[in-house]
Amino acid sequence: MTTLLPALTSEARSVAHRDAARPPGGTCRCGGDAVLAERDDAQVVRHGDVVAKAHAPGTGQRALTVRLGVAARLPGLLLPPLREAPAPLHGRLVTFWPHGTPVDRDDPDAAPWEAAATLLAGLHATDPAALPQPLPEMRGPAKAARAMARLRAAGPHPAVPPVLRAWAALPPWARGEAPAPAGRRGLCHGDLHLGQLVRTEGRGWRLIDVDDLGTGDPAWDLARPAAWYACGLLSPEEWTRFLDTYRRAGGRALPADGADPWPVLDTPARALTAQTAALAVVKAVAAGRPLDEIEQALVDACDRMAGVAAVPVELAPEVTK
């Protein structure tokens, strides 16, 4: 990683300066470099208006290229890449993006729930057949399964059993072991949260991060806010704003007649609760600290879920095809 970051920064500089007119003397006026993320699964750097991302080791080139092509063809919904083909760098695949302003974490009252809901509704209404092929599977359930694997490897902790019980109670498709149910498939983001939105000059809010984009159950994209609401981490007002906007925008993951959304959202919300709780426990174990209040609330929710049967998918209203 120590070798990758300087090389990634150099690539970002190269792309930023490729078409830019240099001032006299060749001095760069881009404002310097910044490391935006440095994790095992992704490194992200910025130079000027260009963001370069090194994707996780083992990322498939074909699937990532298709996902970049989808983003390029849906610029009203997804932030379009600066290049439609990933570049190899130190054994990783790198993509380049315009810089955008993220959601302000210090101003929760300004959270763009309506924008997120509108963008998701547009994404879910997109005909997958009109996009670059072959579209990969949405990776949300597979990502949740990886979180469970990390939890099992983290070692003993009192919070591990209730999270694993909640996970075991889910149907196979929600654990990444089978495709989404027939009739409940569409284009999905796969990892929706407020950190996946940025505002760019002249574009407004756009969804970012196409690593998990693909076909699957669109309800998965609503599952994280649904889980937060069910766990008491998202206010009823914010949840209602998000849900109502999604329905008004024609979102296809939910019944259009205003019926109870929970038969559709129940299973994905349980899966996201278990995933988020698992990662919280993994971080707490690694840091050698107790769970904080929010993390404990997630584990408590898993404990409750393990004793209550999920809504059978056969009873859930079918989304609009």
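Leu64, Val66, Arg67, Leu68, Gly69, Val70 and Ala71 are the buried residues of helix 2. The model is predicted, so local features need pLDDT of at least 70 and side-chain atom pairs count only at pLDDT 80 or more, while totals for chains, interfaces and linings use all residues. Residues are numbered from 1 along each chain as its sequence is written, and side-chain values use heavy atoms, with hydrogens and water left out.

Me: What do the buried residues of helix 2 pack against?

Reply: They pack against strand 5 (92-98) and strand 7 (186-188). Buried means under 20% relative accessible area, exposed means over 50%, and partly exposed is in between (1.4 Å probe, protein chains only). Contact means heavy atoms within 4.5 Å. Helices (H or I, at least four residues) and strands (E, at least two) are DSSP runs, numbered from the N terminus.

Me: How do you know that the reach of helix 2 is close to what is expected?

Reply: The expected span is 1.5 Å times one less than the number of residues. Helix 2 (residues 61-73) has 13 residues, for which 18 Å is expected, and its first and last C-alpha atoms are 18 Å apart.

Me: What span should helix 1 have at 1.5 Å a residue?

Reply: Helix 1 (residues 4-18) has 15 residues and should span 21 Å; its end C-alpha atoms are 21 Å apart, so the two values agree. Its buried residues are Leu4, Leu5, Ala7, Leu8, Thr9, Ala12, Val15, Ala16 and His17. These pack against strand 1 (33-38), strand 2 (43-47), strand 3 (50-54), strand 4 and strand 5.

Me: Which residues make the contact of helix 5 with helix 9?

Reply: Helix 5 contributes Pro162, Val163, Arg165 and Ala166, and helix 9 contributes Val299, Cys302, Asp303, Met305 and Ala306. Seven of these contact residues are nonpolar, none is polar and two are charged. Ala, Val, Leu, Ile, Met, Phe, Trp, Tyr, Cys and Pro count as nonpolar, Asp, Glu, Lys and Arg as charged, and the others, Gly among them, as polar.

Me: Helix 6 (residues 220-230) and helix 7 pack at about 155°, with their axes 10 Å apart. What makes helix 6 roughly antiparallel to helix 7?

Reply: The angle of about 155° is over the cut-off of 145, so helix 6 is called roughly antiparallel to helix 7. Helix 6 passes helix 7 in a left-handed crossing. Leu222, Pro225, Ala226 and Tyr229 of helix 6 make the contact with Pro236, Trp239, Phe242 and Tyr246 of helix 7. Eight contact residues are nonpolar, with no polar and no charged ones.

Me: How do helix 3 and helix 7 cross, and at what angle?

Reply: The axes of helix 3 (residues 113-125) and helix 7 (residues 236-248) come within 8 Å and cross at roughly 30°. This crossing of helix 3 and helix 7 is right-handed. Trp113, Glu114, Ala116, Ala117, Thr118, Leu120, Ala121 and His124 of helix 3 meet Glu238, Arg241, Phe242, Thr245 and Tyr246 of helix 7. The contact of helix 3 with helix 7 has seven nonpolar, three polar and three charged residues.

Me: What makes His90 count as exposed?

Reply: Its relative accessibility is 51%, so His90 passes the cut-off and counts as exposed. His90 lies in the loop between strand 4 (87-89) and strand 5. Its phi is positive, about 50°, although His90 is not a glycine.

Me: Where is the cis peptide bond that joins Gln133 and Pro134?

Reply: Pro134 is in the loop between helix 3 and helix 4 (140-153). The omega of this bond is about -5°. Most residues other than glycine have a negative phi, and most peptide bonds are trans.

Terms used. Axes fitted to C-alpha atoms, helices over the stretch in contact; angles between N-to-C directions. Left-handed = near helix turned anticlockwise from the far one by under 90°. Parallel < 35°, antiparallel > 145°, perpendicular 65-115°, else oblique.
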